[in-house]
Amino acid sequence: MAFMNASNFTMGDAQFNTIANQTNINQPTSFDSPDALRMLLNHSAINAMADSPAVSYEPTCHPGTRKVVTGHIMAWARDPKADPILWLSGPAGAGKSCIQRTIVQSCIAEGLFLAYFFFSVKQPETNTQTRFIATLAAQLAENIPGVRWYIERAIKMDSRILTKTLESQVEGLIFGPLQELDGSISNRLKKLFWRIVMALGAYRVDPDEPWTKANVIVIDGLDECVNEKEQAHILLVIHSLAANPHFPFRFAIASRPEYAIRTAFSSSPLSNDTITLRLEDYEADEDLRRFLKAQFSRLKSDHPASKSIPTGWPSPEDEAALVTKASRQFVYVSVVMKHLANPRRNPMLELQYILGHRPSANDIKSNPFAELDVLYNRILHPPDIETSLLRSILHSIIHDKPGGPMFTVEDLDILYGLAPGTTSSTLVDLHSVLKFSLPQLRPTFYHKSFEDFLISHSRAGDLYQSADQTHVHLTLAYYELGRQRQAGVAVTSRNVWDLSQLTISHACSVSDWSLFEREFTRDTLPAFIDSVIQYHITTPYGADIEAREGYSLRLNSYSRRYHSFCLTSLSVMSTYAYGEPPDATEWSNVGLAPPAMVDTSSKAGCGCTESVDA
């Protein structure tokens, strides 16, 4: 044979190296791949990947639980003839995310895993469709041998590919590179190599088997993509990937059965290619009992009051009562056990309270989370709690703006003018619903069901606060910090805060502008309106025009009713957004002094601009 005993040679675009009797086929690397890869990662949602810190430390299914449903999903994953899409539907708190993370681990162990995307409302990069395809492409580059070079070349050849539509990204970053890889000289030679090996009887491998065994892509929390139209769009894009006959991607998707999602799955083309598993159809009581037994055993050995806890506590009847209260919601028993583990509380008395308090029959009938709501209310009303302060802190965590400071407990003290340590003391008994990310102690919610509770007036009661009220409070807090910073006061050790932008960002989110009049005196309000207008005037061209227009519309509406001088000012500002800044005459015509034009590029994060009237 022509290639007998040959090694370490090059043919076309492929290089063959023999190391320890194993032939490796490598692609050329003439492109500056680090730059292309960096661009791809910069447009990806790193925290949506399975091995990211945001996901990898999250819990999987408790050992010995959820075996039936995970078994069904893995049987689907192993069957190449099954429908290419599986939808795991279930209500909030049923354990969908734990199941999906368990499926990822199982697929990795069996060589089936290809990619993962975890949607989450907590972060701007994971609550929209924008980074979805780029994130999948980055994982394909890592997990499919040989394709990385073609993806990097696609980015080099089309520098705008990462900002185009999802459909264009699918073609440019996934189908195109995979087609090139499949038709490459190296791939054809690899198939020829295996045919020769098979002919010699050394291996039983089909060289024309599917392009890769690893083809399962796991999608979790699709309902946490905040735009319903994007949810439906993502599903259509997923179908285009799954329906391609040459590259048979398999998608395991988990979500709540929200309207846009269930409508898409029940309609063509998705309905023809999807297997639906309803988590409500699976028995969960035995899994809940198994989880509770393990957690109670740990609590009795770890709690400071462990020596006073009887051996037979809790009774089988108490465990059964908790299972009944949970109503197949794993989040319920998880929160109960975290709450009982509080070292500042007597777990026996707390369990007695939880078991002894039940919602009314009407509440149970109208609200499937009635038992969970009773539990949340118990946790959120510890002795001596200042409810108004707790309400402000919790809703500030919910409405922390994308690109904002990502509040730490220290930040919240500074923002609301509290004595150092006040936020930590206020949240000290809430470890069953809050987790604190190290090293800076950033409080976030364990589960979205807790946020759902807080933003519902009927469920949260005295802890409810409207989004408008929260944005007004944050607007005023950032505005006051900006005034202090302008006066030379060191308001925070983290000077990266752009207080002007945060003030305006929250102000833009308020739909009822009359709330500002209630918070400001009539003398102060015009100064505030003037300050935010002048911030925009002094911001150089190049800012997000779309965001600026949205702000203009809302401020315009407010100024029509309260401050007519703002209306003309906004008109001048709109002109500047697309052209040259107004001159002194234009400002004089609207009765305002021209602002001091500042170079914001040299004052990034300095707080309110010099033109703000303090």
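How exposed is Glu286? Select Glu286 and you will find it partly exposed, with a relative accessible area of 42% (buried means under 20%, exposed over 50%, partly exposed in between, with a 1.4 Å probe and protein chains only).

Before moving on, note that this is a predicted model, where local features need pLDDT of at least 70, side-chain atom pairs count only at pLDDT 80 or more, and totals for chains, interfaces and linings use all residues. Residues are numbered from 1 along each chain as its sequence is written, and side-chain values use heavy atoms, with hydrogens and water left out.

Helices here are DSSP runs of H or I with at least four residues, and strands are runs of E with at least two, numbered from the N terminus.

Next, select Glu58 and Lys435, whose closest N and O atoms are 2.6 Å apart in another salt bridge. Glu58 lies in the loop between helix 2 (53-56) and helix 3, and Lys435 in strand 9 (residues 434-437), so the pair ties together parts 377 residues apart in sequence. Glu58 is partly exposed at 22%, while Lys435 counts as buried at 19%.

Then go to Asp452 and Lys448, a salt bridge with closest N and O atoms 2.8 Å apart.

Note on methods
Salt bridge = Lys/Arg side-chain N within 4 Å of Asp/Glu carboxyl O.
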